[in-house]
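Please report on this protein chain.

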Amino acid sequence: MPVADVLRSQRPLDPADLQALEQALIAADLGLAATQQALQVLRDRSREIAAGGASAMRAALRDEIRKALERPVARPAFTSRPWVVFVVGVNGVGKTTTIGKLAHAWRAEGRATLLVAADTFRAAAAEQLEVWARRSGAQFHRGAEGADPAAVLTDGLRAARARGNDGVLVDTAGRLHTKGNLMAELAKMARVAGREIPGAPHETLLVLDASVGGNGLAQGREFARAASVSGLVLTKLDGTAKGGVAVAVVRELGVPIRFVGVGESVEDLLPFNAAAFAESLFA
Ligand code: GDP
């Protein structure tokens, strides 16, 4: 039974309701830990809920989920120049697309943006990024295929400084020969960025595909360990994804969701709003 249906019942919660709700929350990809916590809140507030009926229960659950999703953003964007953002995540989750959408949004804000193709492992990745650069009116920097990503990044950041770019979006490899390589490469890129531009990378966004539900979490963990991730982007929420995975990932990785992807076109990236998101889970 979907969460919304469980929440429509008009009488006080009985154990069968709680069980149905537990199943519904797990089916919505909320994850076991967050589900248990939500149920505990409902039990703790059972008197209030019994008095207020289904709407009180919905409100309690919505508050709980909003609180679980709210995390402070480490630093407001564009507080240094150029503002350098690394975008990391497994191949296919929507990194390149997200960069294109962000570049489009920055352009609309009047910011001069450079896209850096630091995934030198796959030639197609740089080509695809170039297409997005054209589409979004951003500048583009790439190196030779197979070049050292840190060297490509260094050149890209120097170019951004010389041209006075406001923002730099860096596409990174989603897979290398080994996990150890990936970690070492991301760490090296972060060091190089900090050497070229103080405080860079100012943000490291981990992109996760919401449509794979809890499976994405295991991949996310690896990247969160390798790069110091400061925010999340949850893509493909327009598909069959149930969205509850947002709660599970924020809980696990401890950083805010910054944006959600809701389609394949350039406009389909929305800033994340915890209250609206919690509301939509029960719509
Ligand atoms: P990358 O390998 O991580 O760079 O992933 P891509 O950016 O190439 O995206 C992989 C596929 O997912 C492409 O077909 C994109 O169009 C698609 N995609 C990315 N974001 C979204 C989204 O928010 N919604 C939908 N429906 N598709 C998306």
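## A buried aspartate

The side chains of Asp119 and Arg122 are joined by a polar contact of 3.4 Å. A polar contact is a pair of N or O atoms within 3.5 Å; within protein, one must be able to donate a hydrogen and the other to accept it, and residues adjacent in sequence count only if both atoms are side-chain atoms. Asp119 sits in the loop between β2 (113-117) and α6 (123-136). Helices (H or I, at least four residues) and strands (E, at least two) are DSSP runs, numbered from the N terminus.

Asp119 counts as buried because its relative accessibility is 3%. Buried means under 20% relative accessible area, exposed over 50%, partly exposed in between (1.4 Å probe, protein chains only). Leaving out residues up to four places away in sequence, Asp119 touches Asn91, Ala125, Asp171, Thr172, Ala173 and Gly174. Such a contact means heavy atoms within 4.5 Å.

## Basis of the model

This is a predicted model: local features need pLDDT of at least 70, side-chain atom pairs count only at pLDDT 80 or more, and totals for chains, interfaces and linings use all residues. Residues are numbered from 1 along each chain as its sequence is written, and side-chain values use heavy atoms, with hydrogens and water left out.

## Helix α7

Asp148 caps the N-terminal end of α7, with a side-chain oxygen 3.1 Å from the backbone nitrogen of Ala150. Buried residues in α7 include Pro149, Ala150, Val152, Leu153 and Leu157. Just after α7, Gly164 takes a positive phi of about 70°.

## Two domains

The protein is divided into domain 1 (3-69) and domain 2 (83-280). These bounds come from an automatic or database domain assignment. The domain centres, taken over C-alpha atoms, are 34 Å apart. In the interface, 13 residues of domain 1 are in contact with 17 residues of domain 2.

The area buried between the domains is about 1300 Å², and carbon and sulfur atoms give 65% of it. Buried area is the accessible area (1.4 Å probe) that two parts lose on being put together, summed over both. Asp29, Arg62 and Leu69 supply 48% of the area that domain 1 buries against domain 2, more than any other three residues.

## Nonpolar cores

The largest nonpolar core has 67 residues. A nonpolar core is a set of buried Ala, Val, Leu, Ile, Met, Phe, Trp, Tyr and Cys residues joined through side-chain atoms within 4.5 Å. Among those with the most contacts inside the largest core are Leu42, Leu69 and Ile257. Helix α10 (residues 245-253) gives the most to this core, with seven residues.
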